[in-house]
Amino acid sequence: MVLAVVLLLVLAGVGVGVTQPGPVAGWLGDDAGPAPTAAGATPEPDPSDVLAGSDPNAPLPSADGVRAALDPLVGAADLGDRVNVSVADVTSGNTLFAKGADDGTVPASVTKLATAVTVLAARGPGYRIPTRAVAGANPGEVVIVGGGDPTLAVDKKGYYPGAARLDDLAAQVRTALGGAAPTSVIVDGSIYSGPVYGPGWDDDIPTGGSGGAVTALMADGARRDPSVGPGAAERVSEPDLAAGRSFARLLGVPAAAVKRGTAPAAAAGGTTPAPGTELGVVQSPPLIRLVDVMISESDNLLAEALARQVALARNQPASFDGAAAAMDAEVAELGLPADEISLSDGSGLSRRNRISPSLLTDLVRLAASPDHPELAGIFGGLPVGGWSGTLDDRYRNAPGTGAGAGTVRAKTGTLTGVHAIAGLVTTADGRLLTFAVLTDQVPGGKETAQPALDRIAAALAGCGCR
């Protein structure tokens, strides 16, 4: 019941808008009536309530029942020799299945569940990341100070809906300068430190479109073309300077007059405006919306930015190392076993990351708890089996997976040789379970590994397991 209310609140708070016709309206309680069907066509059946919570009176599966359902599946050759699994009841917390459940395993993008929980705990769901402009040390200088908002847009054509915009910031600067024309732009990304590429990243990640340089100032997640849809996209190699040049163009400053530097400390007197005087500020959407996008699109650069927000909130360096240490500390502060998580980044691109399946199910149960309503934001963006996000084309056609369509809501993770999934599943009796399956020695490709992985969650969805 708590989770059902949480999901509704999350969806309302995030402002989810679904425009597709057909059964979606029924799923979200739209009273507009059924969509018209073509003459002679068979109407679509009413769908199940894929976003509904569990039945509070549903019987609890037994450990023996779950073991009988999963034992034949977790040993599938397509999953390799290392398949670590945790299944628990969300309401009671009872462990129903454990195989290598406490063993650290390469999680790939399932890491983002830890990033989401820790940033919501550290910053709160309503926190917004600022991007500021201040007067430089010399007359005519404008310093743009990146606060770590990767969703920042240049104008209304930006990639992320509702993002803060550089054209709004430029308008504030022009007003603050009172007609004085700026002559140069300084880009200050000093809030971040350390390497811009993560430890343990594959060599092709910086150029392959799934990742890129992590800088405190960037526009549209460093995309060269913000009109490109979700997924891999070409990224600029120096996101901070690219954003700075876009800002300069809006101020009428030539690109050649853009360089890196740091903002001066605020000072009184002297020139007007005095060095360090704030000339404008724009704010990102609230963290709950950023978390939603990070999970639903598996956005790697957004994940790295949110991990650094955990570091900043805990007064740690906003670097890969600082973020990893801060996330570990936040997990411990939440009362969870921090010795079962060891991170090198916040996105899961690093092969050095290790998370145990049981810690992942603990994170999900904690987020569903009435004691931590601030963590509920992890649920709004979870892909739904057979319907959305990275599960859009799964739980549909592969034999033995159909029961998971509309009942599995989970984050996926994929690297070469690594396949993972963790989230929620509703049993045939209506009981809500949390599960995590992590494999990091997969012999084949995703074409065989993912269906084998999906059969595990589908087996939970298709049985009462009593």
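Modeller: Helices here are DSSP runs of H or I with at least four residues, strands are runs of E with at least two, and both are numbered from the N terminus. With those names, Leu 152 lies in the loop between β4 (141-145) and α5 (166-177). This is a predicted model, in which local features need pLDDT of at least 70 and side-chain atom pairs count only at pLDDT 80 or more, while totals for chains, interfaces and linings use all residues. Residues are numbered from 1 along each chain as its sequence is written, and side-chain values use heavy atoms, leaving out hydrogens and water.

Biologist: Thanks! Why is Leu 152 called buried?

Modeller: Buried means under 20% relative accessible area, with exposed over 50% and partly exposed in between (1.4 Å probe, protein chains only). Leu 152 has 0%, so the residue is buried.

Biologist: And what is Leu 152 in contact with, leaving aside neighbours within four places in sequence?

Modeller: Contact means heavy atoms within 4.5 Å. By that rule Leu 152 has partners including Thr 131, Leu 166, Leu 217, Asp 220 and Val 282.

Biologist: You mentioned Asp 220. What makes its phi worth a remark?

Modeller: Asp 220 is not a glycine, although its phi is positive, about 55 degrees. Asp 220 sits in the loop between α6 (205-208) and α7 (239-251), and its relative accessible area of 5% is under 20%, so Asp 220 counts as buried. Ala 222, found in the loop between α6 and α7, has a positive phi of about 65 degrees without being a glycine. At 2%, Ala 222 is therefore buried.

Biologist: How do you know that β3 and β4 pair?

Modeller: Two strands pair if DSSP finds at least two bridges between them. Strand β3 (residues 130-135) has 4 bridges to β4, so the two pair, and they run antiparallel. One of the bridges joins Ala 135 to Val 142. The open sheet of 5 strands has the order β6-β5-β4-β3-β7, with mixed pairing.

Biologist: What makes β6 (258-260) and β7 (278-283) edge strands?

Modeller: Each pairs on one side only.

Biologist: Last one: what makes a set of residues a nonpolar core?

Modeller: Its members are buried Ala, Val, Leu, Ile, Met, Phe, Trp, Tyr and Cys residues joined through side-chain atoms within 4.5 Å. The largest such core has 47 residues, and Ile 295, Leu 306, Leu 360, Ile 378 and Phe 379 touch the most other members. Apart from it lies another core of 28 residues, among them Leu 96 and Tyr 395.
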